[in-house]
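Let's take a friendly walk through this model, chain by chain.

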Amino acid sequence: MGNVVLMQGNEACVEGALAAGMRLYAGYPITPSTEIAEISSVRLPQEGGKFIQMEDEIASIACAIGASVAGVKAMTATSGPGFSLKQENLGYAALAEIPLVVVDVQRMGPSTGMPTFPSQGDMMMARWGTHGDHPVIALCPSSVKETYDLSIRAFNLSEKFRTPVLLMMDELVGHLREGMELPNPEEIEIIDRPTVKYPDPKRLPYHMKAGQLVPQMAPFGKGQRYNITGLIHDESGFPTNSTEEARKMMERLMHKISDNYDYIKDLATENMDDADIAIFCYGGTARAAKSAMDEARAKGLKVGIFRPRTIWPFPENELAEASRKLKKIVVAEHNFGQMLLEVQRVVKNNCPVSFVGKWNGGVITPSEILAKIEEA
Amino acid sequence: MVNRGDVKQKDKQMSNLVYKYMRPEHLPHIWCPGCGNGIIMRDVAQAIENLGLSRNNTIIVSGIGCSSRAAGYLDFNTIHTTHGRAIAFATGIKLANPSLEVIVIAGDGDISAIGGNHLIHAARRNIGITVIVMNNNIYGMTGGQYSPTTPKGAFGTTAPYGNLDRPFDIAGLAYGAGASFAARGSAYHVQQTINIIQEGIHHSGFSLIDVASVCPTYYGRKNKSGSAVDMLKWQRDNMIPAEKAAKMEPEELKGKLVLGILHQVQYKEFTYAYDQLIKRLYQEREENE
Amino acid sequence: MSKQELRLAGSGGQGVILATVVLAEAALLSGKYTAQSQAYGPEARGGSCKAETLISDTPIGFTKVQNPTFLMVLTQRSFDHYGPETDENCLILMESSLSVPEGTKASRIVSLPILETAKNVVGRIQTANIVAVGCINELLHITDDASMEKAVMMHIPKGTEKLNVKALEEGRNLVRRYLEENKA
C-alpha cells in the first residue's frame with residue numbers, strides 16, 4: 001500500500017471535496033455530521049477557501065448556492081433534521097441548475113430521534129423531499145475510501161449536470177475510521193461546469209446549442225448579465241407562464257439525468273455471476289452484508305451482493321435483469337423499508353424479496369442477514 | 001442631480017436610467033399603480049449611477065414578494081431566490097467573490113419575518129452587503145395579510161379586527177443586531193433616499209436601508225389611508241430628518257418616522273477579515289517550510 | 001490471530017475513543033487492516049462511552065465488534081454492561097478498583113490500577129487512556145514499542161509528548177510487572 005492514512009468517514013468527505021475543488025463550505029452544527037464542518041473550518045482557509053457557520057440549515061444551503069452562482073464549488077453537510085430544512089433550496093438549485101453538493105450523514109429519526117445512532121431513514125426524502133418533480137442524483141459510500149471517492153464524484157456529477165448532488169452517508173460510515181490510501185492528486189479526474197468562453201450580456205443564459213447537456217452561463221461578475229430565478233423560466237432566465245415553455249423546461253431537467261443514466265450509474269456487485277441469492281444493500285449496511293456473504297459462501301451458499309453506489313437514479317434495469325436469475329433477494333437497510341419499496345417495484349414477481357431492517361438505533365449484524373439468507 | 005424645475009431634463013434622465021440600468025423588455029413592471037416600489041427601484045438605480053458602479057460587478061439579490069420582482073427589472077447579475085433567503089444567498093456570493101457589490105432588495109415580510117434570522121446574523125457578522133427594504137407594511141403579493149411592520153391596530157386580510165402584534169422597526173432591529181449602518185428612507189423623499197442608499201452601498205460593512213414604501217391597493221384600502229398620493233403626503237408630513245429628531249423628545253416623535261442615517265460605525269468587514277486569515281495561514285505555512 | 005476485536009468502555013471524558021484511535025493507528029502502522037468506531041450518549045463528560053477497534057490481516061467487512069476478543073473497562077457501569085457479553089476466549093483488562101460482575105465468562109481477567117497510575121505515577125489523570133494503550137499493546141502485541149509511540153504522537157496535543165511517552169511506558173510496565181508476578 002502507498003500513502004495509507006487512518007481517516008474518519010467525515011474527514012474523508014472533506015478531503016475528497018477539497019480534492020474535487022470545493023472552496024466554500026457553509027454549515028450548521030449537527031450530529032453526526034459535525035466533523036465535516038469542523039474539519040472544513042480547519043482545512044478550507046489553508047487551501048484559500050472559506051468556511052462559514054451560518055445561522056441555520058436553510059441559510060447554509062442558500063449560502064452554498066450563492067457561492068456556486070459566483071463560480072465557487074460549494075458544499076453543505078447535515079443530518080436528518082437539517083436535511084428536512086434544506087429541502088426547499090435543494091429544489092431551487094435543481095430548478096435553477098446550480099451545481100452544489102449536499103451531504104446527509106443520516107441518523108435515527110424521525111424528528112430529533114436518536115442523534116448519535118445510525119439510520120438510513122432519509123433515502124426517500126433524498127428522492128422526494130423537495131416539492132415538485134425534480135431530478136436527483138444521490139450517492140452512498142460504504143467505506144472511508146469510498147466516501148473520499150464519492151465526495152469527488154458528487155462534485156464532478158454536480159458540475160457536469162449542473163444539479164445538486166446528494167452524498168447520502170450514514171453514521172456507520174461517517175464515524176468510522178479506517179486506513180485509506182490517498183490518491184495522487186494528478187490522478188484525480190476533476191470536472192468543472194461548462195461555462196461560456198466569452199461572457200456576453202446579450203446571451204440567453206439558459207440557451208443551449210444542439211448537443212449541449214446543460215446551460216453554460218458564466219459565474220456572476222464575469223460580464224454576462226443575466227437573471228436566475230426559482231420560478232419556471234425560459235431560456236432567457238426570466239419567469240414564464242407558458243405551459244409549452246414549462247413542459248420543455250421540466251422535461252429537459254428530468255431528461256438530462258435519465259438520458260445520461262449510464263454515465264451516472266455506479267453499481268458495486270460482488271459474486272453475482274453464480275449467485276442464487278443476492279443481498280441488496282447500500283452505504284454502511286454493506287459492511288454487514290459483506291461479512292454475511294462471506295459466511296454464507298463458506299457454508300456453500302451462492303450469495304452475492306447487489307450494491308448501488310449511485311442509489312438515485314435507481315438501477316432499475318440492472319436489478320430487474322439480475323432478479324430474473326435469482327431465487328431470492330434480501331434487502332438490508334437501517335429503516336422500516338424504504339429502498340425495499342423500490343426493489344419490490346422493480347423485481348415484481350421475478351423472485352421473492354425479503355427484508356432485514358432496523359429502526360431502533362442498533363446496527364444490522366451479519367448474523368441477522370445470514371438468518372434471512374438461510375430462511376426457506 | 002435632478003433638476004426638479006426642468007421637466008424635460010427630468011424625463012430624459014429618467015429614461016437614461018431605464019435604458020442604462022433596467023431591462024426595458026421586462027417593463028412595464030407588475031407593481032400596482034401608485035405602488036412605492038417603482039420609486040425605490042429607481043432610487044437604487046440612481047444611487048448606482050451616482051456611485052459609478054460597474055453593471056457587471058454589481059449583483060442584485062431578491063427574495064419573494066412584490067419587492068423581489070425588482071431583481072428581474074434591473075440589468076445586472078440578478079438572482080431571485082427563495083422567500084426570506086436573499087441575505088443568505090447574498091452572503092455566499094460575497095464570500096465567493098468579495099470584489100462584487102452585492103445588493104439585496106427585499107420586502108418587510110421577506111426580510112423580517114421568514115428571513116429575520118438571516119437579517120440579524122448578517123448584521124452581526126458585518127458582511128459587506130447592502131440590504132434595501134421596500135417596506136410597505138403588508139404582504140402585498142399574497143393579497144394584503146398583516147406583516148411584521150403592520151402597525152398595531154391596523155387592518156389586513158388576516159387582521160380583520162385590527163392587528164394585535166406590535167410592529168418591528170426594521171432599521172432599529174438591524175442596528176440592535178450589530179449592523180454597522182442602519183438608515184431609513186421613503187418613497188416620498190427621493191433625493192434623501194438616493195443619498196442614503198449611496199452611503200449604504202459605499203459603507204464597507206453590512207448596511208440596511210429601511211425604505212418606507214406605500215401599498216395603496218392593499219394597505220391603503222384596508223386602512224382607509226386614501227390615495228397613493230395621500231399616502232406619500234403622509235410620509236412628507238410625518239418623517240423627521242434624523243438631525244432634527246435627535247433634538248426632539250420621544251413624546252414628540254410618537255407616530256413619526258425618523259429619516260436618514262440612524263447609525264453608522266466602522267467594524268472590520270467579514271470577507272476582508274476572512275481574506276486576512278487566509279493570508280496569515282499562507283504566511284505561517286511559508287515560514288514553516 | 002487473524003482478527004482481533006477490541007472493545008474499550010468507560011465514561012465520557014476518559015479518552016476511551018482516542019485510545020481506540022491510537023490502537024487503530026498502531027495496527028495500520030504495522031500493516032494490518034483496521035476499523036475504529038464508537039458509540040456514546042449526548043454527554044461530553046460522564047456519560048457511558050464505548051469504542052471499538054477491529055484489527056485483521058484481511059479486509060474488514062462488518063465494522064463493529066461482534067464477539068470481543070479483548071475488553072477493557074474503566075467504570076463499574078461499563079463492566080456490568082459489557083462483562084457478561086464476553087465469552088471464554090475474551091481477555092479482559094479491568095481497572096483494579098472495579099469488581100467483576102456476575103455472568104462474566106471470560107477466562108482471563110487482568111486487573112491493573114490504570115487510573116491510579118495515571119494520576120499518581122504519571123501525574124495526570126487525563127493520561128489514563130495512554131496508560132491503557134501501553135497496557136493493551138503489552139498484552140496483545142499489536143505493534144512494536146516504537147510504532148506504538150509513533151501512533152500516540154500522531155494523536156495527542158502538542159506539548160504533551162513527554163507526559164504521554166511516560167504514560168505509555170508506565171502502562172507497559174504495569175503489564176510487565178503483572179506478568180512477572182503471575183508467572184507461576
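This is a predicted model: local features need pLDDT of at least 70, side-chain atom pairs count only at pLDDT 80 or more; totals for chains, interfaces and linings use all residues.

Residues are numbered from 1 along each chain as its sequence is written, while chains are lettered from A and ligands numbered from 1 in the order in which they are written.

**Chains A and B**

Contact links 36 residues of chain A with 33 residues of chain B; two residues are in contact if their C-beta atoms, placed from the backbone, lie within 7 Å. The elements of chain A listed here each supply at least two residues of the side that touches chain B. Helices (H or I, at least four residues) and strands (E, at least two) are DSSP runs, numbered from the N terminus.

| Element of chain A | Residues |
|---|---|
| Strand E2 | 24-27 |
| Helix H2 | 34-46 |
| Strand E3 | 50-53 |
| Helix H3 | 57-69 |
| Helix H4 | 80-96 |
| Strand E10 | 227-229 |

H3(A) gives the most to this side, with nine residues.

E10(A) and strand E2 (residues 77-80) of chain B run parallel, joined by three bridges; strands pair if DSSP finds at least two bridges between them. Thr229(A) has His80(B) as its bridge partner in E2(B).

**Ser37 of chain C**

Ser37(C) sits in strand E2 (residues 33-40) of chain C. Why does Ser37(C) count as buried? Ser37(C) has 28 C-beta neighbours inside 10 Å, and buried calls for 20 or more other C-beta atoms within 10 Å, placed from the backbone. Beyond its neighbours within four places in sequence, Ser37(C) is in contact with His175(A), Leu176(A), Glu52(C), Thr63(C) and Lys64(C).

Key:
A residue is buried if 20 or more other C-beta atoms lie within 10 Å of its own, exposed if 12 or fewer, and partly exposed in between; C-beta atoms are placed from the backbone.
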